Amino acid sequence: MTKQFDVIVIGGGPGGYIAAIRAAQLGFNVACIDEWKNKDGKPAPGGTCTNVGCIPSKALLQSSEHFEHAGKHFVDHGINVKGLELDLAKMLSRKDTVVKQNNDGILFLFKKNKVAFFHGRGSFVKADAAGYEIKVSGAAEETLTGKHIIVATGSNPRALPGAPFDEENILSNDGALRIPAVPKKLGLIGSGVIGLEMGSVWRRLGAEVTVLEALPTFLGAVDEQIAKEAKKAFDKQGLKIELGVKVGEIKNSKKGVSVAWTNAKGEAQLLEVDKLIVSIGRVPNTIGLGHEAVGLKLDERGAIAVDDQCKTNLPNVWAIGDAVRGPMLAHKAEEEGVAVAERIAGQHGHVNFNTIPWVIYTSPEIAWVGQTEQQLKAAGVQYKAGTFPFMANGRARALGDTTGMVKFLADAKTDEILGVHIVGPMASELIAEAVVAMEFRASSEDIARICHAHPSLSEATKEAALAVDKRTLNF
Ligand code: FAD
Ligand code: NAI
């Protein structure tokens, strides 16, 4: 007997579970299939983000930051800590608890919204007049039929050729989040988002960290001025980042990992480390989806081919999140999930790709929305820029965290905000104001004239907006 649904979502990450909830809110009979298991073999919905991504990485970033503050910065506040010790097992187990709270929260939300949850792998079997037949292979096997299918199967870490992940010595994001003892020497390949976040965690806990990056520029997608400021801070912290490198042979043995590499000057080098994290991007996941059975098309990158509405080549089959084009971010996946559920209901779901914020949760945090100065220059757009340093912000001084700045870019003629870039304390929270402003197509003058609480970090945002018109008040 097949179970009939209006909407079947394959994948229960941030894209899939949010799509399922929104579809259920809209009155559909919804199933969500997810195969992720925790170490006890129990369902662990939430995908990469909840299990081995956003949530556990932020838990460890927080814990490791506390450790560093206690060891290095409390003393500035007149707090002397004696006998500071790291209990890594406890730190990792706290992180696991945070993950489980999120897994359980999603299961609760499924119940609350009457989404039928199936634990196992979902794969296409066939399409007929009733809709799409999907087989669930898990502890038990079931067959479901859905009129609409939303594919939200996420992504997997990309391995370096010749250096497969063993999660013992050569680690993906998964192993990087559960190293049982702080490595003396840690290597990372790729100074992208994972490289910087995971590199920061293990450096703060005492590892000597070297990051090897192929590109000659640091964080090429980030506004140059902001990237430079961030690099200065990372250098000061002792995070060793080598740019313009060519990674050669990688040897993995019981003793550790050795990486042959060539530096930007073309000189041969050898990096010997206890553990190596490879963070060179992620690939869309369609493993076991059975897309061939129904002729679901992939693009040249192996992502599910979709248009700007997340429609695939098949009627009533949609795809969202990391499995499709666009930035691999949890909030982008969620927005697409909501938009698709609304489109299925005949509404006009919308995702504005111009106002998707990015955040790198290092210290200082890096956050941005919209265009960078180098993008505006390349596009020949006439713009005005305004910056304000946290050094001149009272709250930042009180916090003892004055690194960085807020930067506004606005259209030279209309003053519409084109981009906001922040490096500094709580950039992840501050960026929300900029996103709202850009979504409402505000001008920098709008932000400059809004009353911001004092003393707050958000005053730096107001001051950067004032700086566009060269009238900062506190700098
Ligand atoms: P996923 O979260 O990958 O979920 C897909 C789910 O589908 C998984 O549970 C998978 O098991 C399941 N699945 C796959 N195929 C099948 C099948 N055939 N049947 C059943 N189930 C299936 N993004 C941010 O925005 N902020 C961050 O701070 C952030 N931090 C990150 C840190 C790390 C270390 C990593 C690796 C990623 C981070 N990301 C972050 C990216 C974020 O995790 C992804 O963009 C997000 O998880 C994508 O959501 P998704 O729903 O498309 O896919
Ligand atoms: P990334 O795309 O951010 O960075 C990969 C880096 O590796 C790039 O700088 C690239 O030039 C470099 N690289 C590629 N091949 C290389 C090679 N052979 N040798 C040396 N360097 C090489 O990818 P990353 O860090 O793996 O993260 C994957 C994705 O996960 C991110 O793009 C992001 O979408 C998501 N993520 C988001 C986070 C957030 O929002 N805070 C945190 C972590 C991940």
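1. Let's start with N393, which sits in the loop between β20 (383-389) and α11 (394-399). Please keep in mind as you read that this is a predicted model. N393 counts as buried because its relative accessible area is 3%, and the cut-off for buried is under 20%.

2. What does N393 touch? Leaving aside residues up to four places away in sequence, its contacts are F388, S456, L457, E459 and A460.

3. Next comes H454, which UniProt lists for "active site" in an unreviewed entry. You will find H454 in the loop between α13 (444-448) and α14 (458-468). Is H454 buried or exposed? It is exposed, because its relative accessible area is 63% and the cut-off for exposed is over 50%.

4. E459 is worth a look from both sides. Its side chain joins that of H454 through a polar contact of 2.8 Å, and E459 is also among the residues that N393 touches.

5. Elsewhere, have a look at helix α3 (residues 54-73) and helix α4 (residues 88-112), whose axes come within 9 Å and cross at roughly 140°. The crossing of α3 and α4 is right-handed. On the α3 side the contact is made by I55, P56, A59, L60, S63 and S64, and on the α4 side by M91, L92, R94, K95, V98, V99 and N102. Sorted by class, this contact has eight nonpolar, three polar and two charged residues.

Conventions:
Residues numbered from 1 in each chain as written. Chains lettered and ligands numbered in written order. Predicted model: local features only at pLDDT ≥ 70, side-chain atom pairs only at ≥ 80, totals over all residues. Heavy atoms only, no water. Axes fitted to C-alpha atoms, helices over the stretch in contact; angles between N-to-C directions. Helix = DSSP H or I, 4+ residues; strand = E, 2+ residues; numbered from the N terminus. Left-handed = near helix turned anticlockwise from the far one by under 90°. Contact = heavy atoms within 4.5 Å. Nonpolar A, V, L, I, M, F, W, Y, C, P; charged D, E, K, R; others polar. UniProt positions renumbered as here; feature names shortened; annotations may be inferred. Buried < 20%, exposed > 50% of the residue type's maximum accessible area, 1.4 Å probe, protein only. Polar contact = N/O pair within 3.5 Å; in protein donor to acceptor, adjacent residues only side chain to side chain.
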